Amino acid sequence: MRDDSLGRGLSPTRKKLDGLLTYQAFLATIHTIAFCDQDSVEWHGGIEEYGFWGIGIDDPVWITAFESARVHLSPFLYPGYQRAPHITIVPCGLLDSSHFSETRRQRQLASLTEARMETFSLHVGPLDSFSSTPYISVIDPTGALDIIRELLQQTIREDNLGKYVPYLTLRHYRDTFETVVVADHLKKITMNPTKPLVVKELLFCAYKTKESQGPFEILERVKLSD
């Protein structure tokens, strides 16, 4: 249930947007968080790479939808984001023996291989946003992502214990904008129904910790059964 105190003293536009379930959590933050492109040494402690399991987006229709959304939101976005469109399934951690070791990765790989999972489909959802990044939500009608996450987390708990939301990051916010203004812009574009994304493989990827917006490298591919 929404805290009605959040709506006190707000403009009619804000109150109207507050009624949109899609943006409720986003609007509660009042302002976006501006991206700061710097090396977070206190986080990585000199460890060079961070790993995650995910799904790559190579379907031309999905890529077109992704690029259209980024163009629409370009006035709010920080430039220079180089990561290819992807859906994170489980963030694993810093690639190091004291954090996420090679042994743990091989255990996860074995779990996925032994499960012999079949291909599955995902669907494009509406635009939404965290306080730091807007995103395209992803709908998983069969719950396949939850099954995969359960398999992976039998070996090691994920590095992010927040509620899991499948999505495609569009970029970071370049400044502190009023969330009501951003939400108003978000609702002006409709993600047209598009064909489902057929997931045929799972990827283990890594990116350089010193490159906040740098590309990721695919280190492992797990093919799914037809």
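Modeller: Phe52 is buried, as is Tyr207; buried means under 20% relative accessible area, exposed over 50% and partly exposed in between, with a 1.4 Å probe and protein chains only. This is a predicted model, in which local features need pLDDT of at least 70 and side-chain atom pairs count only at pLDDT 80 or more, while totals for chains, interfaces and linings use all residues. Residues are numbered from 1 along each chain as its sequence is written, and side-chain values use heavy atoms, with hydrogens and water left out.

Colleague: How is a pair of aromatic rings described?

Modeller: One gives the distance of the centres and the angle of the planes. Rings of Phe, Tyr and Trp (its six-membered ring) pair if their centres lie within 6.5 Å; planes under 30 degrees apart count as stacked, over 60 as edge-to-face and the rest as tilted.

Colleague: How many aromatic pairs does this rule give?

Modeller: The count is eleven. In one of them, Phe26 and Tyr173 have ring centres 6.4 Å apart and planes at 15 degrees, so this pair is stacked. Phe26 has 2% relative accessibility and counts as buried; Tyr173, at 0%, also counts as buried. The rings of Phe52 and Tyr207 have centres 6.4 Å apart and planes at 45 degrees, so that pair is tilted.

Colleague: Which residues do ring pairs link into a cluster?

Modeller: The cluster consists of Tyr50, Phe52, Tyr207 and Phe216.

Colleague: Where does Arg83 lie?

Modeller: Arg83 lies over the face of Tyr207, 3.8 Å from the ring centre. A charge sits over a ring if NZ of Lys or CZ of Arg is within 6 Å of the ring centre and within 35 degrees of the ring normal.
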